[in-house]
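The model I consulted is a predicted one.

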Amino acid sequence: MCKKKESIHPSDCEALYCRSVMSFLKTGAVQYMFALLLVSGIVFTAAAAQIVRFSDAWKYRNGDVSGAEATNFNDASWTTVYLPHPMSLVTPGGSCPSGYCWYRKTFTAAAYQGKKVVIEFQGGMQTVEVYVNGTLATKHLGGYDPFAIDITSKLSFTSSNVIAVRLNNNYSTDFPPGRSSPDFRYWGGLYRDVYLHISDPLHITHPLVANIAGGGGVFVTYPSVNNSSATVQVKTHVANQGGSAQSCVLTTTIVDAAGATVVTNSTPAANIATGASNTFTQNFTVSTPHLWGPSSPYLYKVKSQIYSDGSTLKDTCTTSIGIRTISFSKSNGFRINGERMILRGGNRHQDYPYVGNAAPARLQHADALRLKEYGFNFVRMSHYFQSPAFVAGCDKVGLMSMMSMPGWQYKSTSTSFVNNSIAALRAAIRYHRNNPSIIIWETAHNESSDPVDYSNKAAAAAAEEYPGNQMYTEGEPTMSCSGNYGSSYGYQVIASSSQHNGRGCIDGTSKPMVFNEYGDWDFNSGGDRCSRNSEAKMTKLARNHYWSLNANRAKTALQGDAVWTAIDYQSGSMIRSGAIDWARLPKFSAFFYQSQRDPSVIIPGVNSGPMVYIMNWWTSSSPTRVRVFSNCDQVKLSLNGTVVATQSPDAAVADSSAHLEHRYYTFNTQFASGTLLAEGLMGGEVKASHSVSTPGAASKVSVFIDTVNLPVLRADGSDMAFVYGSVVDAKGTLLQTTTNSVTFTVSGPATLVTTTEGTSVTVAAEAGVATALLRMGTTAGPITVTASASGLSNGTATVTSVVPDAVTGVHFSPAMRNSLKSCVMRRAGNVLLVSFPFAAQTRESGKFILCNSQGKQVGQWDVMQGRTKIGITTLPHGIYFGQITSGTERYVQQLIW
């Protein structure tokens, strides 16, 4: 998607830092390693184009209400909510809400007079009627694909306006998934963000409004890519909805991750008549490009600017891109940028504790980061199109992905079902076609044995939306894999699974194959699913996972796979097949997958490289035959300071480890209370370590607020963080077998969310850890969470929220919030270069003031001849805002240090 004003979406503003959760289960606290990151370049542009986050302060009512679309309807008694919002809070194992609900928002649009106004819904469950000032603007069918509407003609610019949204969460056979009880939950509500796109009548179109196959908006492709040079083709669709013809020039600039211009070019002027449009096609050569891939997820930005009459800037937007090339071949395997790679993936449902699917960007980003850090290089987004924030997170951390058509064991040949399925597929591709992490599209309905005619029609639609050889589609022809499986189907990659005989028929197929699922149903029909509260069951689950992954790797024609599942989810009951549980805490299996990563790959902002993990709680009832996961050359195991042994990986075992990238280690020990330490060695040097200790008596509750090191908690009513209350002994060792009831209380501008929401909630611990969500309020300030349990000492943790600007989404200090101009800040080593944004002002002088996230000034410098240099090595890590003042002008920008 093209983004007007590049820092408006929080996914573009916020940086991911390094994090390590390897010691969580031992200590009850996550240990951090910080990387230095800087968001640089121009934050605001001179054009009037905006994206306004429209998710705040909606009025909500559960149930159907007659006449609620009317502008004069009285919604004063309705609840005020902030998006993303669930239809109701989620009880573990509870029922899924059905029926109707309403949302209403009243606003003024005087500032938008003379502009085009488009409203974008990233998702609503699942039949969505949108009314603007009492008039039905659209009825959207389907809960997972984004949609957008031009509402300019329906707005009043002199009085208040009302957007009313009626949602029906009942299933429908007219659109996918198409059945009442699929193997996941619908949950309901306006569960993703809503945005207003404000632009000049001469503007770059929204691709969902333009509705052009393979067009609309900004569409970036890569006709030629290698390590020395890449051709970047940018197609930009510009519409003129003004009252007269316009002479239009498009200037496109490719900017690198440091904010420096790589290449720029302007088109010849094109005359666009009123009511007409034009697609500009530009080709750029990027020399020695930084290629996007799972080991180096490098992102460029494409900045598009529209000028009328050669000089008047009318519209601007920024598109995040990753330059890369991919291919699937049965004989040559999957390749990215020419390098052969096996997809080591997991399935992911968008299901979260207590809020169902209604998770804000922070939690979405966190899932992408967790999956990457636990050794996955690939994720299958099962079984539907998933959040733009999750996809953006995959882009940032280098997690390759498959976007999947909504569906589960249901197909229909009805005209409405087929047409709505393909329309949803087209919309999702238009929205996500510039996301480099998406390498394959599952255009079939999961486990549904779609007819050949439908499958070919869907694959052809995908190819039309993304022409060329970089659109790969995938599907499962039948649930019974046999013979020359899928040869008559139009998708290029064939799907199967271990439970459907994928290993038995892969060699007989003519097309490349990916296992969409394996692991869970390899063993006792899911009977080995488990929570974190049993050492023995988690050990068995981990053995199942490495046995089944090894069986997959024995099939050299397999392009890759996705374990069922990466994360636990709800489907009537809790489905505990994940390597990570519902509360986003790791089971033993997570560390097995982590051990399969390449120790030589270090990714800034991601826990990566060498690792070691002891699959043992080290209690008197724990196994003394200790298994260790590591990607190092050797592991040294010590007990209470005495070396047990230093070993190489276990000898290969044909049916459990021979084909793994990194085999496990097994040590024979005798139990003694104390600490077991594993050290991973490479070249004789310790590169990683992990220890487990025998716990003593429960002593206190330790509190940890997991902000995932995204720099700020946004006081916007919807931002959230996980809160964990861990029952630990006097030394901080987690007691894995405890199930204490833990009471969380919060002081400050926030609430706690479980099956209820308030300032105090009580949750039973699972495997020693109780979990709640912390929701930010709408005022900034310190927030303290206290956890208590009967007979134990209390624990506390404090974080601070900041107020985001309502228009831009950037986190301004109060003194800066009204400015919409920009200074330019760019890091060069440990020096911050600061300058005015416009050439005409570059010789002016002024003051540069740097403030922290609470608006407190931390420094002031003179700006001479439009620029200054500032040393920043002494600044503590955090969020800062820079402001240049010159005369009556002020320019601001956010700095993440």
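Entry 1, terms. Before reading the lining, I noted that strands are DSSP runs of E with at least two residues, numbered from the N terminus.

I looked up the cavities of 30 Å³ or more and found that the structure holds six. The largest cavity contains about 140 Å³ of space. I then listed its lining, which consists of 15 residues; Arg324, Arg433, Asn435, Ile438 and Tyr466 lie nearest the centre. Strand 13 (218–225) and strand 27 (438–442) are the elements that give two or more residues to this lining. Strand 27 supplies the largest share, three residues. By residue class, I recorded eight nonpolar, five polar and two charged residues in the lining of the largest cavity.

I next examined helix 6 (residues 415–432) and helix 7 (residues 452–465), whose axes lie 10 Å apart and form an angle of about 25 degrees. Angles under 35 degrees count as roughly parallel, and helix 6 and helix 7 are therefore roughly parallel to each other. The crossing of helix 6 with helix 7 is right-handed.

From helix 6, I noted Val418, Ser421, Ile422, Leu425, Arg426, Ile429 and Arg430 in the contact. Helix 7 contributes Tyr454, Lys457, Ala458, Ala461, Ala462, Glu464 and Glu465. Which classes do the residues of this contact divide into? I recorded eight nonpolar, one polar and five charged residues in the contact of helix 6 with helix 7.

Conventions
Residues numbered from 1 in each chain as written. Predicted model: local features only at pLDDT ≥ 70, side-chain atom pairs only at ≥ 80, totals over all residues. Heavy atoms only, no water. Axes fitted to C-alpha atoms, helices over the stretch in contact; angles between N-to-C directions. Helix = DSSP H or I, 4+ residues; strand = E, 2+ residues; numbered from the N terminus. Parallel < 35°, antiparallel > 145°, perpendicular 65-115°, else oblique. Left-handed = near helix turned anticlockwise from the far one by under 90°. Contact = heavy atoms within 4.5 Å. Nonpolar A, V, L, I, M, F, W, Y, C, P; charged D, E, K, R; others polar. 1 Å grid on protein atoms, 1.4 Å probe; cavity = no way out; pocket = protein on both sides within 12 Å on 5 of 7 lines; lining within 4 Å. Points joined across faces, edges and corners; volume = space filled by probe spheres on them.
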